[in-house]
Amino acid sequence: MGAALGLGERGRGRTAPNPNVGCVLVRDGRVVGRGWTQPGGRPHAEAMALRQAGEKSRGATCYTTLEPCAHRSHRGPTCSDLLVEAGVARVVAATGDPDPRTDGDGFERLRTAGITVETGVREAEARRSMAGFLTRRTHGRPHVTLKLATSLDGRIALPSGESRWITGPEARAHAHAERARHEAILVGRGTWDADRPRLDVRLTGVEDRSPRRVVLSSRPTTRHPSESWGRVENTGDVHSQDDPSFRWDDETSTWEVIPSPHAIADLAAVDHLLVEGGAQAAAAFLRAGLVDRLLLYRAPILLGSGLPATGDIGLADLASAHGRWRLHDARQLGTDRLEVYERA
C-alpha cells in the first residue's frame, strides 16, 4: 500500500475532477503491475496496472488507494469490472469512494464476483493524499493550502515591500514542488498589481506542471490580460505591453479573477488550490475558514517593523485561536525551517 500511495502522488494536481489514485498488483510475492491515474483523470490507476500485468493479473492481489470505481462512463469501463474480468483474487483498498455513483458499490461488485476485499489499510495517509478529491466531494470546493514565507518575527517583507528573498534556494525549490502539486495558485489583487508574479514552476523536468493562475479581487478589472500580466517568449519574464518584446500567449498566461474566497467553489477542474500571497488574501481565506493546510517557511532572520504575514483573521479572543491547527510535518530546508500544519 505504501508503494501505491507513492504512485498516487505522481498524479496529484493533474487528475481533477478524478482522484489521484495509485495501484500495485502483486502475485506470488512479486509486483507484476503498477499504475497511477493519468493526467486529465484517465486511464485510471487500476486500468494502468492491469494493462502492465496482463495475464499475471489472474490470482493476484490488487492494492489500491481508493475503492475501484463502479459507475460506467463513455471514457472507459469501470475499474471494478476490469478487476473482475482480469481474475484478481483479492483487493486491498485504503479507503472508500464518497462519489454516490460508486460509494460501496465497487466493493460490493467485487465481493459478488468472489473476490476477497479488505479496506482501511493506511486510510489516513490515503485520505491525505487524495484530499483534493475528497474535499471537493464532501464540501463542494477545492482543498486549500496557504503558503507563508516569513522571518522569525512573522514578517513577509521590509516596510518598503522588499521581499526577495525571505527564504533560501532550498525552501524556494520546495515551494515550486508544491506548486506542481496544485491545479491552481492564487494571489491577492495587491500582490498582482505590485509584483506581476509569474506563479509558474521553475524546476527542471516539471516546468509543464505550472498551475492555473487566479487573482482574488473584489474590484472588477477593465484591462485585458495582455495589458496586465504576460510573458516574454522563451524567458517567461513579466513586462508591460509597452515592451516591444512582449508576446501574449493564451496557453501559458491564462488567468482568472474571483471576487471572494468562497468563489473558489466555482473553479472548474480545480481540486487543489495554493494560496501564495499576500497578507490580505491570506487573512481573507483564514477568516472564511477555508484553509485546510498551512505551509510555513521560516527564515533565520529578523525584520522588525516589516509587513506582517496576514491581516485581521477575525479572532474575537485569544482562547479561540487555540486548537485550530495540528502539526503534521517539520523539516529543515537549508537554513530555513518548514512546518506543515493541518486544520484540526
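**Helix packing in a predicted model**

Reader: Is the crossing in which α3 passes α4 left-handed or right-handed?
Author: This is a predicted model, where local features need pLDDT of at least 70, side-chain atom pairs count only at pLDDT 80 or more, and totals for chains, interfaces and linings use all residues. Residues are numbered from 1 along each chain as its sequence is written, and side-chain values use heavy atoms, without hydrogens and water. Helices are DSSP runs (H or I, at least four residues) numbered from the N terminus. With the near helix turned clockwise from the far one by less than a right angle, α3 passes α4 in a crossing that is right-handed.

Reader: Are α3 and α4 roughly parallel or roughly antiparallel?
Author: Helix α3 (residues 79–86) and helix α4 (residues 105–112) have axes 9 Å apart, at an angle of about 15°. Angles under 35 degrees count as roughly parallel, over 145 as roughly antiparallel, so α3 and α4 are roughly parallel.

Reader: Which residues of α4 does α3 meet?
Author: Contact means heavy atoms within 4.5 Å. From α3, Ser80, Asp81, Leu83 and Val84 take part, and they meet Gly106, Arg109 and Leu110.

Reader: How many nonpolar residues are in the contact of α2 with α3?
Author: Glu46, Ala47 and Leu50 of α2 meet Cys79, Leu82, Leu83 and Ala86 of α3. Ala, Leu and Cys count as nonpolar, Glu as charged. The contact has 1 charged residue, no polar ones and, as nonpolar residues, 6.

Reader: Where does pLDDT stay under 50?
Author: pLDDT is the predictor's confidence in each residue, from 0 to 100, and the protein's mean is 87. Values stay under 50 over residues 222–252.

Methods
Axes fitted to C-alpha atoms, helices over the stretch in contact; angles between N-to-C directions. Helix = DSSP H or I, 4+ residues; strand = E, 2+ residues; numbered from the N terminus. Parallel < 35°, antiparallel > 145°, perpendicular 65-115°, else oblique.
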